[in-house]
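Visitor: I am new to this structure and would like a close look at a single part of it. Please start with how the chain is built, so that I can find my way there.

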Amino acid sequence: MPWTLRTEFAFDSAHVITGYDGPCGRLHGHTYRVQMALTSGRLRPSAHIQRNIMVADFKSLKWAKKDVTQGGLDHAFLNEHPDLRDDTTAEVIAAYLHRETLRRVRECLEPGDAGEDLRLKVTLWETPDSSCEYWE
Ligand SMILES: [Zn+2]
């Protein structure tokens, strides 16, 4: 794929790994760091420009950094999030970020464009030295 759009952001959230026998089974928080890498075989218009000069708006890859009251994951209790519930491991959160981000990017495509060439890789750091990657 000729183009890769890459952006990083962070969000702070609390969680409990329900049923985990150890410290992760107690309420605690992380400053999660996220890298989104979206590759594309061609350029497209966006919601803000009609010419075919973009992979996507960077903004469409950064929705999760918004406050939880505005649809993001910042300052959330992840176990109360309807798409995560009690399974709030880095693996599950990364897969959720992947699914939801691609859904939002595809929602912005023009009619007739299914975006088959788009590939997204999500890297989620739970701590500065521990991360999980998810892509298909
Ligand atoms: Zn944790």
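Guide: A helix here is a DSSP run of H or I with at least four residues, a strand is a run of E with at least two, and they are numbered from the N terminus. With that in hand, the chain has 1 helix and 7 strands, and along the sequence they come in the order β-β-β-β-β-α-β-β. Before we go further, please keep in mind that this is a predicted model, in which local features need pLDDT of at least 70 and side-chain atom pairs count only at pLDDT 80 or more, while totals for chains, interfaces and linings use all residues. Residues are numbered from 1 along each chain as its sequence is written, and side-chain values use heavy atoms, with hydrogens and water left out.

Let us take in the whole chain for a moment. Its C-alpha atoms fill a box of roughly 50 × 30 × 20 Å along the principal axes. The radius of gyration, taken over C-alpha atoms, can be set against a globule rule of 2.2 Å times the number of residues to the power 0.38. For 136 residues a compact globule would come near 14 Å, and the chain's 16 Å agrees with that. Accessible areas come from the Shrake-Rupley method with a 1.4 Å probe, and for residues only the protein chains shown count as cover. The accessible surface is about 7,800 Å², with 50% of it belonging to carbon and sulfur atoms.

Some residues are hidden from that surface. Buried means under 20% relative accessible area, exposed means over 50%, and partly exposed lies in between (1.4 Å probe, protein chains only). Of the 136 residues in the chain, 43% are buried. A contact, in turn, means heavy atoms within 4.5 Å. Among contacts between residues at least 6 apart in sequence, 60% join residues at least 24 apart.

Serine 40 belongs to strand S2, and it counts as buried because its relative accessibility is 0%. Not counting residues up to four places away in sequence, serine 40 touches Met1, Pro2, Trp3, Val55, Asp117 and Leu118. With one of these partners, aspartate 117, the serine 40 side chain makes a side-chain polar contact of 3.2 Å. Such a polar contact is a pair of N or O atoms within 3.5 Å; within protein, one must be able to donate a hydrogen and the other to accept it, and residues adjacent in sequence count only if both atoms are side-chain atoms.

Arginine 44 sits in strand S3, which covers residues 44-46. At a relative accessible area of 2%, arginine 44 is buried too. Its side chain makes a polar contact of 2.6 Å with the side chain of aspartate 113. Leaving aside neighbours within four places in sequence, the contacts of arginine 44 include Arg51, Asn52, Ile53, Asp117 and Leu118.

Where does strand S2 lead us next? The buried residues of helix H1 pack against strand S2 (28-40), as well as against strands S6 (119-127) and S7 (130-135). Among those buried in H1 are Ala90, His98, Thr101 and Leu102.

One last stop is the zinc ion. Donors are N, O and S atoms within 2.8 Å of the metal (3.2 Å for Na, K and Ca), and water is not among the atoms, so sites may look incomplete. The protein donors here are NE2 atoms of His15, His28 and His30, lying 2.0 Å from the zinc ion. Histidine 28 is partly exposed at 23%, whereas histidine 30 is buried at 13%.
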